[in-house]
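Here is a short briefing for a first look. Keep the sequence and the model side by side as you read.

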Amino acid sequence: MNEKTFLSRFRKYGSICIQCHDNPDADALASGYALFYYYKKAGVNVHLIYGGQHKITKPNLVWMIRELNIPVEYVTEELPPCDLLITTDCRYGERNVAHFNVEQVAVIDHHECDRDPDDNCCIRSNLVSCSTIVWDLMRREGWNFDDDLSLSTALYYGLYSDSNQFEELFHPLDRDMRDSLKRDDALIFRLINTNLSVNELNIASRALSGQIFVSDDHFSVIESEPCDPNILGIISDFVIQVEEIQTCVAFNRNHGGYKLSVRSCVRETKANELAVYLCEGLGGGGGHINKAGGFISADSFSEAHGDMNMNEYLTGRMREYHKLYEIIEAKNYETDISQMELYRKKPLTVGYVRAVDIFKVDTPVRVRTLEGDVDVTVEDDLYFMIGIEGEVYPIREEKFNRSYEHTDGVPDIETDYLPTVRDNIYGDSYELADYMKPCLATGGTRVYGMKLDHPVKVFTAWDKDKYYRGEIGDYLVAREDDLHDVYVVRGSIFDKTYEMCE
């Protein structure tokens, strides 16, 4: 599938129906509206529809449809005449998608797929919203979203709604769309504040009254009745404000599985990593340091744990997580080099960017990588190093000069997302690849390294607020010339970039 032409290749059809799942949410409506807009502008006869037993009644969605003039139609019997049907935010075969007889079907979706997609499918389960997929497909074809505020506002709200108010943005593209789209802020504010009904208020109340609190590890598990994902976020946001609770997870049974909303208010636990741990092998999770979310497949859970109660599973998993990691404070850590080997970097060509080649000194910037966002302030001697798998880390000029030398080679980097850096004052984003220069590790700086046989969390000497996680098989590393410069290197990267000293 060529994503640069995925949408345009269907313009040959004279008439197209775009179908949302039954009882569509904001993401389905937004992605469907964007597709409708695209094909309408291309001169195609196009309809935006949904089916099922119920018409849309949720207050925020009614407002969204009316205020943004989304031409969605409720269809229960026959489709409008069409040569092609495109399902958005869903696909045929799922229980929440009304099936219509049509010969040609294409799919745009961000949910896990249990079959191999064909050329008519664009399924990107690493993105948190279908709106992001459609936005990316349209921009690849040169679409200017600044031309229509209603369209941009719809996509923005679709992402907002499916990411638990932007707290569960798993992939950099999700964050890129959020940052680039113009929107009607007054309407967004109104939609946000028509999101909760009295019935949903009662659901939250019943969930809070039945929460489980584990005092030894200071966490809570809260089960809710089926509800909009934002309600789970409201519940977990409320619970994490309790003095004795440091982490919590709210969950409910949803279409195909269990939706999780995870919170943390302590630096020793990142909510996004806790979400990944809770869903490991059963689904997926991610988000931000303090707020995150996840999804556990019902089929995967049943296969792995039989008839176990989800409350029981999450409580046990939370207990495991809170006892799993050794906490290392680098500035106070006494490095035992007798248990470590001495290594030097292999002569690989990697990349670097001088921060002042892009920004003025004292500019606050956000470096965007696959691992998440890193906030730093530009200084004269600040460099961004780009490793072989696209990993980014800051380094001072003095250490750079001791460890690397300039070269004419090509960086040995393999990654599906080269990092970007964003000016936190003006909002402008720059791709580091456009400014990257090659450099070669000299081997002049050596490190002590030890393969981990247990998980650790390292608070480095240069960042006392955020830890770097190391799992079994990763390496705990300390520079030979500064034993308090302790950090973690992923096992796959360490093996490629370091060699043992003779």
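A salt bridge here is a side-chain nitrogen of Lys or Arg within 4 Å of a carboxyl oxygen of Asp or Glu. By that rule, a search of the whole structure finds 31 salt bridges. The model is predicted.

**Salt bridges**

- Arg344 pairs with Glu499, and their closest N and O atoms are 3.3 Å apart. Arg344 sits in strand β14 (residues 341-345) and Glu499 in strand β29 (residues 498-500), so this bridge ties together parts that are 155 residues apart in sequence.
- Glu389 is in the loop between β18 (382-386) and β19, while Arg490 is in the loop between β28 (482-489) and α13 (491-497), so the pair ties together parts that are 101 residues apart in sequence.
- Arg490 is partly exposed, with a relative accessible area of 33%.
- Asp481 and Arg479 meet through their side chains, at 3.2 Å from N to O. Asp481 is partly exposed at 42% relative accessible area, whereas Arg479 is buried at 7%.
- Arg124, Asp136, Arg139 and Arg140 are linked in a network of salt bridges.

**Helix α4**

- Helix α4 covers residues 149-162, which is 14 residues. From first C-alpha to last, α4 reaches 20 Å, close to the 20 Å expected at 1.5 Å a residue.
- Of the 14 residues of α4, 12 are buried, so the helix is largely enclosed by the rest of the structure.
- The buried residues of α4 include Leu151, Leu155, Tyr156, Tyr157, Leu159 and Tyr160. Ser152, Thr153, Ser161 and Asp162 are also among them.
- At the start of α4, a side-chain oxygen of Asp148 comes to within 3.1 Å of the backbone nitrogen of Ser150.
- After α4 comes Asn164, which has a positive phi, near 50 degrees.

**The cavity**

- Rolling a probe the size of a water molecule over the atoms shows where empty space is left.
- The structure holds one cavity of 30 Å³ or more. About 40 Å³ of space lies in the largest cavity.
- The lining of the largest cavity is made of Val367, Val374, Val376, Phe384, Val392, Tyr393 and Pro394.
- Strands β17 (372-377) and β19 (392-396) each supply at least two residues of this lining. The largest share, three residues, comes from β19.
- By class, the lining has seven nonpolar residues, no polar ones and no charged ones.

**The second largest pocket**

- The second largest pocket contains about 630 Å³ of space.
- Its lining has 26 residues, and Trp135, Arg139, Leu173, Asp176 and Glu431 lie nearest the centre.
- The elements that give two or more residues to this lining are α3 (130-140), α5 (172-180), β21 (420-423) and β22 (429-431). The largest share, four residues, comes from α5.
- The lining residues of the second largest pocket divide into eight nonpolar, seven polar and 11 charged.

Methods
Residues numbered from 1 in each chain as written. Predicted model: local features only at pLDDT ≥ 70, side-chain atom pairs only at ≥ 80, totals over all residues. Heavy atoms only, no water. 1 Å grid on protein atoms, 1.4 Å probe; cavity = no way out; pocket = protein on both sides within 12 Å on 5 of 7 lines; lining within 4 Å. Points joined across faces, edges and corners; volume = space filled by probe spheres on them. Nonpolar A, V, L, I, M, F, W, Y, C, P; charged D, E, K, R; others polar. Buried < 20%, exposed > 50% of the residue type's maximum accessible area, 1.4 Å probe, protein only. Expected span 1.5 Å × (residues − 1). Polar contact = N/O pair within 3.5 Å; in protein donor to acceptor, adjacent residues only side chain to side chain.
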